[in-house]
Amino acid sequence: MIYLDHHATTPVDPRVFEAMQPYFTTHFGNAASRNHAYGWAADHAVERARDQVAGLIGAIGKEIVFTSGATESINLALKGAAMAYASAGRHLVTTNAEHPATLDSMAFLETQGFEVTYLPVDETGRVSPEQVAAALRPDTVLVSLLHGNNEVGTLQPLAEIGALCHEKGVLLHVDAAQATGKVPLDVTAMPLDLVSISAHKLYGPKGVGALYVRRKGPRVRLEPQMHGGGHERGMRSGTLNVPGIVGLGEACAIAQQELPTESVRLRELRDRLYQALTTALPGVTLNGHPTERLPGNLNVSFAAANGQRLMASLKELAVSSGSACTTASLEPSHVLRALGVSPELAHNSLRFGLGRFTTAEEIDRAAAIVIEQVQRLRAEHPLSPTGDPHADPALPHG
Ligand SMILES: *Cc1c(COP(=O)(O)O)cnc(C)c1O
């Protein structure tokens, strides 16, 4: 099989796995044990990883809080900031194309007396600095944006939006689960206050992540969401997942080193796939932004090719469809809908996620398989040979 679903998860890089191994067995200590060498070794490894994570985004170690993944980081950032700053205001701003971790945290905050503005994204998945500026109110405390959309890869104009947030004294949280290590992200160059990171989207292990919390200009306060022994400077209690954290640190160090070459390689492979599909097939449309996009992302809709049957025919490929992946339901993706893609075309969409171990041979093979199957499905519907789904009302749509 060919794995092209790197937005869902990535394999652990063998170098990461190797770095983690001793921390399951030899160095099994609790990083909070202050009285013996087992604890010191674990603590030393955690602090080294903290610096590695910070290094990837231009932060300092003290600004990194370890969590169980980006879902937890996002919950801590949004609920933690909303609660800590509630006396200053109870209004938050986000978009309608966010990850469920953000949308559901926001929905929860709405039940707690907070007000949320959901900005509509444009047909490429972007919000403009002007839109954000217009949404800010005197009682706005936080803006949350997804940088590197997990479905269509769209990147946001963070530098401009961060600058205007800071001007108004509003915090900016960024869900960078997909973007960290894939595109440059620097909290000294961009005024970001909170950044959510996930290890398993970055060739690290599942179940570990980090939240960057700005310490200076401004010093961000968070109400902890997990209470206990006061780990992570009181922001996130719970015994640290030392092997996982070591893995996240190593994954960040590798990503930092390889980003410049790897992002070019992935972009070329991604463009090669798109070229192959659009050269062979009419009725293929790109979803997302043509250039401001994660290098390994390709999301395309195929007119007049039943999405469900197309997915079912791609047995050798691990890819995702444009139907909601979070549930068993066949709702069209809320992200594609937010971009204005019709429910029909959303169902007939495929998300290709290329990764570190994807080869040119795999891309050529994947393209050939998809082309063959789309042509076969369209041939079964001779009434719409051009690939217009509206040309044949009898076509089943997902
Ligand atoms: C995967 C993902 C998350 C959730 O991260 P976990 O570490 O799996 O909890 C959040 N946001 C985006 C954009 C993601 O891709």
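Author: Let's start at S198: an N or O atom in its side chain sits 2.7 Å from an oxygen atom of the ligand. That's a polar contact, meaning a pair of N or O atoms within 3.5 Å. Keep in mind that this is a predicted model, where local features need pLDDT of at least 70 and side-chain atom pairs count only at pLDDT 80 or more, while totals for chains, interfaces and linings use all residues. Residues are numbered from 1 along each chain as its sequence is written, and side-chain values use heavy atoms, with hydrogens and water left out.

Reader: Which polar side-chain atom lies 2.7 Å from a nitrogen atom of the ligand?

Author: One of D175. H200 also has a polar side-chain atom 2.8 Å from a ligand oxygen. The protein buries 88% of the 380 Å² that the ligand exposes when taken alone (Shrake-Rupley method, 1.4 Å probe).

Reader: How many disulfides does the structure hold?

Author: A disulfide is a covalent bond between the sulfur atoms of two cysteines. The cut-off is a pair of cysteine sulfur atoms within 2.5 Å. This structure holds zero.

Reader: Is C165 buried or exposed?

Author: Buried means under 20% relative accessible area, exposed over 50%. C165 is at 0%, so it counts as buried. C252 is buried too, with a relative accessible area of 0%.

Key: Polar contact = N/O pair within 3.5 Å; in protein donor to acceptor, adjacent residues only side chain to side chain. Buried < 20%, exposed > 50% of the residue type's maximum accessible area, 1.4 Å probe, protein only.
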